[in-house]
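User: I would like to go through this structure in short steps. Please keep the answers brisk.

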Amino acid sequence: MKAIVYTDYGPPEVLHLAEVAKPTPKDNEILIRVHATPVNYGDMLARTFASITPGKFNMPAPLWLLARLSFGWRKPKKSILGSELAGVVEAVGKAVTQFKPGDQVFAYAGMNMGAYAEYICLPATGMVARKPTNLSYAEAAALPYGGIMALSLLRKGNLQAGQKILINGASGGIGSLAVQLAKHFGAEVTGFCSTPRVEYVKALGADQVLDYTKTDFTQGSARYDLIFDILGRSSFERCRRVLTPNGTYLLASFKGDKLLQMLWTARRGGQKVICAFANEQVADLLLLKELAESGQVKTIIDRCYPLAEAAAAHRYYEEGSKAGHVLMTLEQ
């Protein structure tokens with residue numbers, strides 16, 4: 001089968017099309033023929049991990065070490081990137097009962113990756129569900145990661161109907177779904193993003209969108225019950241002024257000092273810091289399917305590339321001008 005592989009860390013040019021062995025499903029696995037797979041932040045990180053120092057890494061140093069060992073110290077251990085996909089089940093292992101050949105599915109492969117390929121095998125009990133019927137393969141492929149992370153983290157932030165939330169990084173993979181899910185939960189949503197993406201975040205349903213090149217939300221008059229900082233670009237010290245007395249500063253990416261702040265604020269009461277990892281649950285994929293089919297969440301596609309042009313897709317993603325998801329599609 002054809003796949004995009006990389007054997008060295010580096011710029012987009014390390015990605016190239018190659019022939020690799022087609023996988024065979026184990027007893028508990030399904031073989032999926034991939035129709036679409038998005039380019040996301042995790043792919044960028046994995047491809048360039050040799051240049052990511054502990055200081056540049058968005059998480060505590062011990063997690064950097066574990067990630068470096070997992071991805072490979074000198075050269076990549078996982079030669080095929082891609083953690084999200086949508087496609088059609090081609091074959092199932094003999095122990096699989098919940099899927100059958102011909103089922104249209106969308107899935108999250110996680111750190112095992114492997115979606116930049118014509119075929120991938122995944123556990124039938126893993127993060128796989130039937131595709132929303134009203135979404136294209138490209139639209140469905142862009143849904144799992146951001147949706148799963150946003151759902152889990154908003155729950156950990158205990159977002160309630162009627163509350164006000166600011167999402168710092170509202171145009172990214174997690175942020176774009178967090179905007180829509182927060183609206184679904186009944187919150188008043190303010191998005192915070194760069195100039196080229198303001199209209200995109202408005203199209204996602206945000207009640208208000210602030211351009212970070214023009215506005216510092218920490219100096220504004222609005223007060224928020226929850227500030228969801230996806231890449232840890234701000235700080236609790238700066239955000240305290242615009243949090244309500246019992247407001248929460250929620251982080252999806254954090255360093256060790258933020259963990260100490262979480263412990264300190266948990267003891268003293270009032271405003272608090274929450275550093276959280278997302279839980280991966282099939283139930284959340286099923287909820288995303290339901291919300292997509294009812295029109296409450298969507299994915300907006302900026303650009304699609306054929307699989308063979310993976311390097312071009314990565315270059316475009318890195319430019320920082322995208323307003324929506326960047327995908328690679330495979331002709332079937």
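**Questions on a predicted model**

Analyst: Gln160 has a relative accessible area of 38%, so it is partly exposed. Keep in mind that the model is predicted.

User: Where is Gln160 found?

Analyst: Look at the elements on either side of Gln160. Helix 4 (144–156) is on one side and strand 8 is on the other. Gln160 is in the loop between helix 4 and strand 8.

User: Which residues is Gln160 in contact with, leaving aside its neighbours within four places in sequence?

Analyst: Contact here means heavy atoms within 4.5 Å. With neighbours within four places in sequence left aside, the contacts of Gln160 are Phe185 and Ala187.

User: How many Å apart in space are Gln160 and Gly270, C-alpha to C-alpha?

Analyst: In sequence, Gln160 and Gly270 are 110 residues apart. In space, C-alpha to C-alpha, the value is 17 Å.

User: What is the strand order in the open sheet of six strands?

Analyst: The pairing in this open sheet is parallel. Its edge strands, each pairing on one side only, are strand 10 (208–211) and strand 13 (272–275). The twist from one strand to the next averages 20 degrees. The order of the six strands is 10-9-8-11-12-13.

User: Is strand 8 largely enclosed or open to the outside?

Analyst: Buried means under 20% relative accessible area. Strand 8 has five residues, and four of them are buried. Strand 8 is therefore largely enclosed by the rest of the structure.

User: Which residue is the bridge partner of Lys164 in strand 9?

Analyst: Strands of a sheet pair through backbone hydrogen bonds. Strand 8 pairs with strand 9 in the parallel sense, over five bridges. In strand 9, the partner of Lys164 is Glu188.

User: Which residue in strand 13 is the bridge partner of Leu251?

Analyst: Strand 12 covers residues 243–251. Strand 12 and strand 13 are parallel and pair over four bridges. The partner of Leu251 in strand 13 is Cys275.

User: Helix 8 lies across which strands?

Analyst: Helix 8 covers residues 256–268. Its angle to strand 13 is about 135 degrees. The strands that helix 8 lies across are strand 12 and strand 13.

User: Is His314 buried or exposed?

Analyst: His314 is in helix 10 (residues 310–319). Leaving aside neighbours within four places in sequence, its contacts include Pro12, Leu81 and Tyr116. Arg47 is also among them. The relative accessible area of His314 is 0%, so His314 is buried.

User: How many residues apart are Glu90 and Lys22?

Analyst: The side chains of Glu90 and Lys22 meet in a salt bridge of 3.3 Å, N to O. Glu90 is in strand 4, while Lys22 is in the loop between strand 2 (16–19) and strand 3 (29–39). The pair links distant parts of the chain, with a separation of 68 residues.

User: Is Lys258 buried or exposed?

Analyst: Lys258 forms a salt bridge with Asp257, with the closest N and O atoms 3.5 Å apart. Asp257 is partly exposed at 42% relative accessibility. Lys258 has a relative accessible area of 12%, so Lys258 is buried.

User: What is the area of the nonpolar surface patch made by Leu65, Leu69 and Trp73?

Analyst: Trp73 is in the loop between helix 2 (61–71) and strand 4 (84–92). Its relative accessibility is 42%, so Trp73 counts as partly exposed. Together, Leu65, Leu69 and Trp73 make a nonpolar patch of about 290 Å².

Technical notes:
Residues are numbered from 1 along each chain as its sequence is written. This is a predicted model: local features need pLDDT of at least 70, side-chain atom pairs count only at pLDDT 80 or more; totals for chains, interfaces and linings use all residues. Side-chain values use heavy atoms; hydrogens and water are left out. Two strands pair if DSSP finds at least two bridges between them. Helices (H or I, at least four residues) and strands (E, at least two) are DSSP runs, numbered from the N terminus. Axes are lines fitted to C-alpha atoms, for helices over the stretch in contact, and angles run from 0 to 180 degrees between N-to-C directions. Patches are made of residues with over 30% relative accessible area and no salt bridge: like charges are joined within 9 Å, nonpolar side chains (Val, Leu, Ile, Met, Phe, Trp, Tyr) within 5 Å. Accessible areas come from the Shrake-Rupley method with a 1.4 Å probe; for residues, only the protein chains shown count as cover. A salt bridge is a side-chain nitrogen of Lys or Arg within 4 Å of a carboxyl oxygen of Asp or Glu. Buried means under 20% relative accessible area, exposed over 50%, partly exposed in between (1.4 Å probe, protein chains only).
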